[in-house]
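Have the structure open beside you as you read.

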Number of protein chains: 4
Amino acid sequence: MPDRMRLVAFCPDRPGIVAAVSRFLFEAEANIISLDQFSSDPDQDGTFFLRMEFTLQDGDGLSERFGPEIAEQFEMSWTITSAMRPKRIAVLASREDHCLHELLWRWRRDELAGDLVLVASNHPDHREAVERTGLPYHYVPVAGADGKAAAEARLLELLRDSCDVVVLARYMQILSPGFLQQLALPVINIHHSFLPAFVGADPYRQAKARGVKLIGATAHYVTDELDAGPIIEQDVIRVGHDYDVATLTRLGADIERTVLVRAVRWHCEDRVLRHGNSTVVF
Amino acid sequence: MPDRMRLVAFCPDRPGIVAAVSRFLFEAEANIISLDQFSSDPDQDGTFFLRMEFTLQDGDGLSERFGPEIAEQFEMSWTITSAMRPKRIAVLASREDHCLHELLWRWRRDELAGDLVLVASNHPDHREAVERTGLPYHYVPVAGADGKAAAEARLLELLRDSCDVVVLARYMQILSPGFLQQLALPVINIHHSFLPAFVGADPYRQAKARGVKLIGATAHYVTDELDAGPIIEQDVIRVGHDYDVATLTRLGADIERTVLVRAVRWHCEDRVLRHGNSTVVF
Amino acid sequence: MPDRMRLVAFCPDRPGIVAAVSRFLFEAEANIISLDQFSSDPDQDGTFFLRMEFTLQDGDGLSERFGPEIAEQFEMSWTITSAMRPKRIAVLASREDHCLHELLWRWRRDELAGDLVLVASNHPDHREAVERTGLPYHYVPVAGADGKAAAEARLLELLRDSCDVVVLARYMQILSPGFLQQLALPVINIHHSFLPAFVGADPYRQAKARGVKLIGATAHYVTDELDAGPIIEQDVIRVGHDYDVATLTRLGADIERTVLVRAVRWHCEDRVLRHGNSTVVF
Amino acid sequence: MPDRMRLVAFCPDRPGIVAAVSRFLFEAEANIISLDQFSSDPDQDGTFFLRMEFTLQDGDGLSERFGPEIAEQFEMSWTITSAMRPKRIAVLASREDHCLHELLWRWRRDELAGDLVLVASNHPDHREAVERTGLPYHYVPVAGADGKAAAEARLLELLRDSCDVVVLARYMQILSPGFLQQLALPVINIHHSFLPAFVGADPYRQAKARGVKLIGATAHYVTDELDAGPIIEQDVIRVGHDYDVATLTRLGADIERTVLVRAVRWHCEDRVLRHGNSTVVF
């Protein structure tokens with residue numbers, strides 16, 4: 001059975017990139033299934049972005065040859081991955097469980113395009129629900145004077161080498177810059193508002209006070225700056241003056257689940273290219 | 001032919017308000033067409049809001065009697081208006097004309113629920129298009145050392161006594177607190193972003209830089225604080241990484257037109273009750 | 001603690017209904033929380049619809065008095081129910097389990113506004129997932145010459161007297177008119193298309209063949225005529241030419257869950273008034 | 001200044017198409033701006049669709065060479081067009097003018113990606129509004145025993161050779177198969193419902209009677225079979241039980257304008273590929 005592979009790349013824009021890459025794949029006897037490309041404004045930074053999916057009888061050696069034969073001449077940043085080796089996802093959660101359950105549910109239905117490998121939480125409550133699915137559940141409390149540092153050290157042990165992406169499913173602890181640097185993995189967060197409106201805590205209460213007519217949720221990569229990393233996906237829902245904070249929270253939870261799952265799925269399908277502080281989503 | 005009237009009121013919430021008001025109207029031989037009410041959270045300020053539409057063979061004296069017979073005992077703020085006397089709308093515009101044209105178009109189709117009475121602008125360009133519809137066009141330039149004060153004085157002359165509501169159809173001059181106070185009329189603005197994200201200038205450029213996945217528009221009442229008045233209506237449209245600022249601006253213009261017209265129509269139908277810094281929209 | 005109650009009523013439209021009802025409630029010392037009313041076109045059938053929520057220290061005798069004191073003079077069809085006694089919901093499912101799981105999930109989070117009391121299915125597969133929540137699971141196969149009649153007889157036994165509403169969560173058996181008549185309970189179905197487009201089987205395949213740009217789902221009350229009962233709620237999602245039937249089915253499942261849960265919740269909150277072949281949803 | 005061109009093509013799917021086409025363009029010193037491709041299900045008809053936009057210093061001879069060098073070996077149907085030569089659009093309208101005005105408005109703002117060249121109508125009413133924009137207005141009544149045949153003959157005279165696409169902006173006459181065959185141009189219609197629901201006349205009345213919760217509009221290419229041609233674009237808007245047919249018609253008109261303009265713009269940008277009875281929209 002042929003392998004299904006994905007090339008994701010970006011480089012300074014110039015003529016001939018598509019021709020060179022598609023010829024390389026044709027000569028390797030690959031069959032292109034989809035091709036998405038985008039060139040950012042040449043007056044700004046003029047970057048070319050590419051995602052190709054293709055099948056191949058025998059992918060051996062393809063990655064080794066792509067670098068010297070193609071990528072170097074175009075100064076390309078790139079990865080070639082196999083859709084046969086789904087990304088390993090670790091989930092961090094706190095008390096609220098709607099995003100965690102959505103991820104478990106999508107995984108069971110094989111709709112994540114990735115594999116859950118572990119759940120860690122600063123709350124003990126979700127152990128039974130998680131272990132029932134066969135996943136390990138790690139209770140990593142954050143407590144005491146040294147709590148945060150100790151918890152982050154424990155999380156580093158758990159996450160490094162065991163996963164390809166970390167998903168914060170309403171994990172309410174702020175991760176330190178040092179932790180993120182040592183982790184060196186993409187971290188996806190769901191923020192319960194339409195960023196950049198209502199940064200920080202209690203956004204539904206903020207939204208109610210401001211009288212907005214739509215509430216939203218934003219999935220983004222985590223960076224050192226709180227709630228300011230590259231946005232992957234957003235969505236909103238219409239609300240009325242007669243919705244109290246509890247109703248906003250309930251409806252918001254639905255949007256959070258939807259938006260987070262889309263972001264995780266797209267990340268696992270290698271559809272999201274980070275570039276500066278924004279993303280290209282193919 | 002019977003008159004079609006609207007009662008809009010709010011007061012401290014307590015039992016018996018609907019019973020008293022509906023009995024008053026029944027005894028006046030009014031026929032209730034619609035009734036909307038809302039009670040805000042009793043733990044907060046516990047305010048009761050009411051809007052009723054009704055028909056009446058002879059509305060004479062109804063307003064005179066409503067005060068002493070009903071409103072006083074409930075400490076009610078209220079108005080009774082006739083749908084037969086549509087609100088008079090003045091429009092202020094600057095160079096961009098899409099919101100102005102949308103208002104002209106809706107007025108011609110009798111879809112504003114109000115009557116345009118004049119257009120004023122700090123640009124001379126729209127005279128022909130406006131005068132062709134039969135409306136007066138006032139060119140009120142803002143120029144020179146004394147420009148803003150002189151322009152506001154001229155606008156006050158034009159607007160006071162001639163209209164019931166002022167619509168800023170992408171009018172790019174900031175109105176001074178003194179002007180707003182002397183005008184003493186509701187002023188509706190369209191802001192080209194999903195407030196409170198991207199307050200201030202050039203929101204589509206801000207949105208592009210932040211990489212948001214939705215752009216929006218917000219219609220709100222103007223207050224002394226820039227872009228912070230009570231929100232009447234908002235809407236958004238999905239955008240992609242490949243939309244440049246020009247495309248965002250074009251799509252944004254469509255949302256602006258839609259949102260502004262809804263807000264103006266609802267205002268003219270007495271559907272929007274201001275309360276603190278938010279609105280109840282029935 | 002005061003009881004929270006709901007009056008739902010409709011009758012021929014005429015002046016004085018709101019006044020009479022609200023005075024009745026005021027004199028019973030009820031505190032009105034919300035009031036929704038609607039009058040259908042007087043040139044058609046001129047019907048008045050009403051829903052009121054109110055609290056009351058002591059609801060004893062209220063229903064007994066409402067009939068003779070109010071309902072009779074207005075020829076009103078009406079019910080008064082207590083929000084303290086949530087409706088009992090029975091769920092029928094077949095092989096597909098996404099709607100069943102959504103209902104279980106919402107019930108656990110107390111978001112249905114009703115109580116699940118049993119699940120019955122013509123497939124044995126969901127027993128473990130259902131029984132784990134504490135609900136009884138009834139396997140009612142439809143097989144053999146007499147299968148349908150026997151299954152319906154068994155379902156009648158299970159459902160009559162045990163529930164207030166039956167939800168077909170992708171139950172793929174067509175219920176006979178005789179069954180519906182004997183059941184004499186509201187039955188809510190989720191149809192996996194935007195009715196009246198794509199009535200009948202395999203709507204996602206039909207939608208793909210027709211090249212539609214949106215797919216939807218419709219929740220409706222079941223009547224003798226297939227897929228033609230009164231619509232409670234509908235929603236759609238945008239789809240592209242590159243979505244295969246499997247993707248349409250996956251996205252469609254999400255819309256089905258959302259639409260069905262809204263319909264069930266609204267029904268349990270007494271928000272849905274059937275009238276002829278359509279509904280008023282307050 | 002370089003020319004901006006578009007290649008649109010489809011052919012039986014097989015490896016090497018992208019490589020061959022992109023190499024051809026690279027060697028012609030074209031600079032690819034965007035590339036969209038799609039392969040339909042290989043188990044069905046396995047067709048490959050391609051749209052490329054590129055700039056070129058000198059496009060002379062490119063089309064002549066593309067046939068023998070590329071298209072023939074892949075059995076490709078294809079066109080190469082210049083974005084510098086916008087498509088010429090003829091508009092047919094009847095009494096309702098909201099779609100006509102939307103097209104005039106978009107054209108004035110240069111948002112159609114094509115050029116209006118004439119308006120023809122079976123009503124005389126829109127002459128002034130159309131001629132004011134500088135466009136010719138042709139009154140082509142349909143009356144008498146021979147009315148339809150005479151009108152179609154007159155329309156053929158007007159349209160053939162003068163335009164590239166015909167837009168039916170709520171033109172209420174059904175065009176005969178013979179007319180369409182002789183015209184031999186793409187014809188875009190706006191149907192005021194979400195097809196395939198509510199085919200035929202008076203869809204808002206049908207929608208009201210059926211109690212649907214969303215109403216929509218559909219832009220499609222016209223074929224011999226009424227309301228059944230390939231769909232280009234659709235959209236919907238949420239409606240309530242309290243919207244009368246007049247309100248549905250007003251809101252529907254807004255959706256019609258939006259959907260029709262998107263379809264016309266996409267057609268003029270060569271984004272819509274017809275295939276069987278559906279479309280690929282890049």
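Predicted model: local features only at pLDDT ≥ 70, side-chain atom pairs only at ≥ 80, totals over all residues.

**Entry 1: chain B against chain D**

I began with one pair of side chains: D:Arg106 and B:Asp254 meet in a salt bridge, N to O at 2.8 Å.

I then looked up polar contacts across the interface of chain B and chain D, and the rule finds six residue pairs, both residues being at pLDDT 80 or more.

Next I wanted to know which elements carry the side of chain B that touches chain D. Helix 3 (98–108) and helix 8 (245–268) of chain B are the elements that give two or more residues to it. Helix 3 of chain B gives the most, with six residues. I sorted the residues of that side by class and found eleven charged, two polar and two nonpolar.

For the extent of the contact, I noted 15 residues from chain B and 15 residues from chain D. The two chains bury about 1400 Å² between them, and 39% of that is on carbon and sulfur atoms. Which three residues supply more than any other three of the area that chain B buries against chain D? They are B:Trp105, B:Arg250 and B:Arg257, with 35% of that area.

**Entry 2: how B and D are related**

I superposed chain B on chain D. A rotation of 180° does it, with 0.0 Å of shift along its axis and an RMSD of 0.0 Å. The two copies are thus related as by a two-fold rotation axis. I also checked the contact residues of chain B, and 100% of them recur in chain D, the same surface serving both copies.

**Entry 3: chain B against chain A**

I turned to the other partner that I had on my list. Chain B is superposed on chain A by a rotation of 180°, with 0.0 Å of shift along the axis and an RMSD of 0.0 Å. Which residue of chain B comes closest to the rotation axis? I found B:Ala197, whose C-alpha is at 2.2 Å.

Why do the copies meet through the same surface? Because 100% of the interface residues of chain B are also interface residues in chain A.

The contact takes 30 residues from chain B and 30 residues from chain A. I wrote down a buried area of about 2500 Å² between chain B and chain A, with carbon and sulfur atoms giving 58% of it. In chain B, the residues that lose the most area to chain A are B:Arg210, B:Lys213 and B:His241, together 28% of what that side buries.

I counted four salt bridges between chain B and chain A. One of the pairs I looked up is A:Glu233 with B:Arg238, a salt bridge whose closest N and O atoms are 3.1 Å apart.

On the side of chain B that touches chain A, the elements giving two or more residues are strand 11 (231–238) and strand 13 (278–281) of chain B. Strand 11 gives the most, with seven residues. By class, I have 15 nonpolar, seven polar and eight charged residues on that side.

**Entry 4: inside chain A**

Last, I looked within one chain. Chain A is divided into domain 1 (3–82) and domain 2 (87–281), and their C-alpha centres lie 31 Å apart. Twelve residues of domain 1 of chain A are in contact with nine residues of domain 2 of chain A.

The area buried between the two domains is about 830 Å², of which carbon and sulfur atoms give 60%. In domain 1 of chain A, the residues that lose the most area to domain 2 are A:Arg6, A:Phe49 and A:Arg51, together 51% of what that side buries.

How many salt bridges are there between domain 1 and domain 2 of chain A? The count is one. The side chains of A:Arg6 and A:Asp270 meet in a salt bridge, at 3.2 Å from N to O.

Strand 1 (3–12) and strand 3 (47–56) of chain A each supply at least two residues of the side of domain 1 that touches domain 2. Strand 3 of chain A gives the most, with five residues. That side of domain 1 divides into six nonpolar, two polar and four charged residues.

Notes. Residues numbered from 1 in each chain as written. Chains lettered and ligands numbered in written order. Heavy atoms only, no water. Least-squares fit on C-alpha atoms with pLDDT ≥ 70 in both. Contact = heavy atoms within 4.5 Å. Buried area = accessible area lost by both parts, 1.4 Å probe. Polar contact = N/O pair within 3.5 Å; in protein donor to acceptor, adjacent residues only side chain to side chain. Helix = DSSP H or I, 4+ residues; strand = E, 2+ residues; numbered from the N terminus. Nonpolar A, V, L, I, M, F, W, Y, C, P; charged D, E, K, R; others polar. Domains from an automatic or database assignment.
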